[in-house]
Amino acid sequence: MSSFFRTFCIATFLMFAVMPAYPEKPAEIRAIPGRIEWVLSGGNMSYVVGINDEKMPQSVYFGRRLSESAVPPVAGMRPGWASFETPMTTTPLEYAAWGAGLALEPALKVDSANGDRTLILKYMSSQIEANRLEIVLKDTTQPLKVHLFYEMFPEGVLARWSRIENVGRQTFKIDQAASATWNLPRASNYEWSWLAGRWAAEWQLHTAVLQPGTQVLESRVGTTSHTTNPWFEVHQAGLTTEQSGPVWFGELGWSGNWKIAVEVSSTYNVRITGGYNPFDFGFRLPPGQALETPKFYAGFTEGGMGEASRVLHRFQLAELLPSHPRPKLRPVLFDSWESTRFNVAEQNQMALVDLAAKLGVERFVIDDGWFGSRNSDHSGLGDWFVNSEKFPHGLKPLIERVHASGMDFGIWVEPEMVNPDSDLYRRHPDWVLAFPDRQRTEERHQLVLNLAKPEVKEYVFSVIDRLVTENSIAFLKWDYNRTWSEPGWLAGGNETDQINGTEGREVYVDYVRNLYDILARLRKKHPNLDIESCAGGGGRVDLGILRFTDETWPSDNTDALDRLNIQYGYLHAYAPQTMMSWVTDSPNGFDHRFIPLKFRFLAAMQGGLGIGGALDHWSADDLALGETMVRFYKSVQGTIQQGSLYRLSPPSTGAEQVEYVSQDSSQAVVFAYLQAQHNALTYPRVVLQGLAPDSMYRLYPLDPEKYKGPDTVAGSLLMGEGLELNLEGDYAATVVRLERLHEERRP
Ligand code: GLA
């Protein structure tokens with residue numbers, strides 16, 4: 001081969017290797033000359049906001065990316081409807097406070113010192129800095145300013161939030177504060193999807209027609225919640241499918257009480273308002289102080305529900321996760337919980353270390369039970385000191401063995417909680433959330449520490465910092481295992497002033513802010529530390545916590561069949577990179593269902609792979625299969641975690657098919673599952689997506705007997721006719737890896 005030709009080949013290869021499958025269109029914000037109006041564009045979407053004749057910010061447009069000349073002007077206030085709907089109610093406003101007859105979900109409601117509880121916010125000024133727009137509003141009579149922020153991202157996601165600022169001399173009390181209202185184009189054929197569930201059954205995807213009235217997604221339990229996740233999608237019936245059509249989607253970044261209200265008027269105006277949950281809310285705003293609301297992210301695509309998820313995944317990887325824009329791959333981990341429960345001890349873990357290492361595990365995690373008097377969930381939470389009966393030589397010998405076996409070491413903590421039976425509680429009974437004379441509700445025999453108190457925040461930071469400093473810890477599984485019941489702020493020290501007026505309701509904001517702050521400080525001090533957000537499974541997964549944690553534990557339910565459904569819902573909103581799944585033992589503790597090990601492995605490979613089984617009880621065959629499966633996973637780890645996800649067929653068909661394509665489309669991997677074969681029917685064809693149509697792909701089936709077709713197939717054929725995979729019987733599953741052949745690319 002001539003050197004010129006070789007250079008040409010290498011250059012061509014590199015060009016294709018680094019070329020993203022979806023070149024992002026840049027993010028930009030343009031002010032329209034001669035109007036007070038801005039166009040915010042990124043990816044394939046544009047958003048237009050302008051100031052109307054009443055000096056109020058009004059939503060103008062939210063949809064596909066606009067060309068320069070296509071920007072519509074602000075329509076102006078709409079007339080009211082008889083004497084029952086004021087223009088405040090009929091006009092699609094960006095951030096409407098309660099006042100002037102607003103009869104919808106207010107973005108803001110404030111009590112003023114003179115007894116006035118209404119506001120009318122009008123435009124004062126604006127500024128653009130890079131991809132961020134700030135619009136400043138002020139009330140017409142009260143010394144209260146509201147800053148509206150917009151940040152546009154190239155992936156096609158817009159973040160909106162607000163800052164409410166007291167510029168007067170008296171204290172305001174904020175009753176309700178949203179981040180933003182999103183107004184959608186008027187249409188009567190909207191459907192919407194949301195994620196709901198409960199502990200061990202999170203992430204169930206629901207879809208319904210959007211009817212006139214108000215539909216609410218919310219959490220009142222102190223954290224994001226297992227029951228509803230702050231994510232939504234709106235589609236158009238008859239137009240939107242998994243593969244194409246308009247989708248408006250949104251996600252709120254807050255790990256405390258939140259609310260998203262979807263309001264549909266009788267004339268089919270749709271507005272979606274989200275932010276702090278006003279339920280039991282209260283925030284004192286003394287002179288000179290400001291309250292910032294969480295970020296509410298939203299976007300638009302014409303690529304259907306599949307592309308809506310991919311936009312969110314790309315956005316999370318490139319802009320949001322702690323190690324963005326190039327998050328580290330999630331290593332294959334082993335976790336002790338399902339094998340040794342609270343009996344974790346030096347000896348039994350040492351035995352597991354050797355087995356895990358042999359399987360190819362990269363991270364060894366000891367779960368609950370290693371500290372204080374923690375022999376069950378009745379005691380010990382709060383005492384983050386190594387239990388010397390279980391670990392007579394401290395954690396060091398175990399950690400050294402883990403390292404010597406080529407893995408890094410992780411550990412379980414639940415730092416925001418305390419058992420009444422703990423030294424910490426005996427020392428500081430006033431550190432918990434409670435009301436003075438009300439009986440406290442215990443859940444899992446534990447109470448929530450009031451992290452909003454500075455001394456509690458400091459304790460939690462320093463005790464975890466010490467643990468990580470004294471031991472070589474690469475990973476924290478940060479758990480949180482109950483809801484809030486009596487969210488009272490017990491006074492202590494000089495806090496009496498704090499609890500006057502709003503009775504300590506600031507806890508809803510300050511608690512979460514302090515949690516974020518602790519996590520940020522830990523990460524700063526220990527830059528190589530990874531953290532998983534776990535809350536009895538998926539109780540705290542949102543774009544707020546994901547700014548500080550690398551991955552999440554979506555559910556305590558590890559039954560592989562249930563898990564497919566849980567993961568299907570989860571991946572609508574969050575990237576595979578963030579989703580940990582374990583292979584556990586069968587029959588599963590939840591439902592006593594028996595599922596073959598291969599199916600369990602392939603089900604756990606849809607994101608970060610973990611192993612949670614009692615390896616010391618696995619047969620030689622199981623261990624050998626495990627080794628093969630881990631080796632296979634490592635060959636596609638980057639594509640699964642950071643590639644593009646295509647949901648070819650949902651789990652509800654009983655024949656789920658999921659495909660991942662690397663960003664440069666040079667590698668793909670397709671998983672096929674069959675729950676139960678009926679009537680001897682052959683398995684549905686697997687029709688791929690997202691490949692380079694003009695390239696040839698070489699196929700590497702994990703089970704050659706399940707694929708009898710040619711070794712190399714053109715991308716267009718794989719996306720046209722697809723693959724025949726021979727899956728039969730019950731709980732059958734297989735996987736095929738595809739590699740693009742550069743030298744065989746067609747002209
Ligand atoms: C929670 C977690 C589990 C496990 C237990 C330990 O339920 O979700 O994975 O860590 O706590 O108590």
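1. The protein chain holds 14 helices and 36 strands, where helices (H or I, at least four residues) and strands (E, at least two) are DSSP runs numbered from the N terminus. Its radius of gyration is 27 Å, close to the 27 Å of the globule rule for 747 residues, so the chain is as compact as a globular protein of that length. That radius is taken over C-alpha atoms, and the rule is 2.2 Å times the number of residues to the power 0.38.

2. The model is a predicted one, in which local features need pLDDT of at least 70 and side-chain atom pairs count only at pLDDT 80 or more, while totals for chains, interfaces and linings use all residues. Residues are numbered from 1 along each chain as its sequence is written, and side-chain values use heavy atoms, with hydrogens and water left out.

3. Along its principal axes, the C-alpha trace of the protein chain spans about 75 × 70 × 60 Å. Of the 747 residues, 59% are buried, meaning under 20% relative accessible area (1.4 Å probe, protein chains only). Among contacts (heavy atoms within 4.5 Å) with a separation of 6 or more, 68% join residues 24 or more positions apart.

4. Helix α8 (residues 454–470) has 17 residues, which at 1.5 Å a residue should span 24 Å; its end C-alpha atoms are 24 Å apart, in agreement. The expected span is 1.5 Å times one less than the number of residues. Buried positions of α8 include Val456, Tyr459, Phe461, Ile464 and Leu467, as well as Lys457 and Asp465. The cover over the buried residues of α8 includes β23 (408–413), α7 (423–427), β26 (475–478) and α10 (507–525).

5. Is Thr90 buried or exposed? Thr90, which lies in helix α2 (residues 87–90), has 13% relative accessibility and therefore counts as buried. Leaving aside residues up to four places away in sequence, Thr90 touches Arg78, Pro79, Gly80, Trp81, Glu85 and Asn269. The C-alpha atoms of Thr90 and Gly638 are separated by 49 Å, with the two residues 548 residues apart along the chain.

Definitions and conventions
Buried means under 20% relative accessible area, exposed over 50%, partly exposed in between (1.4 Å probe, protein chains only).
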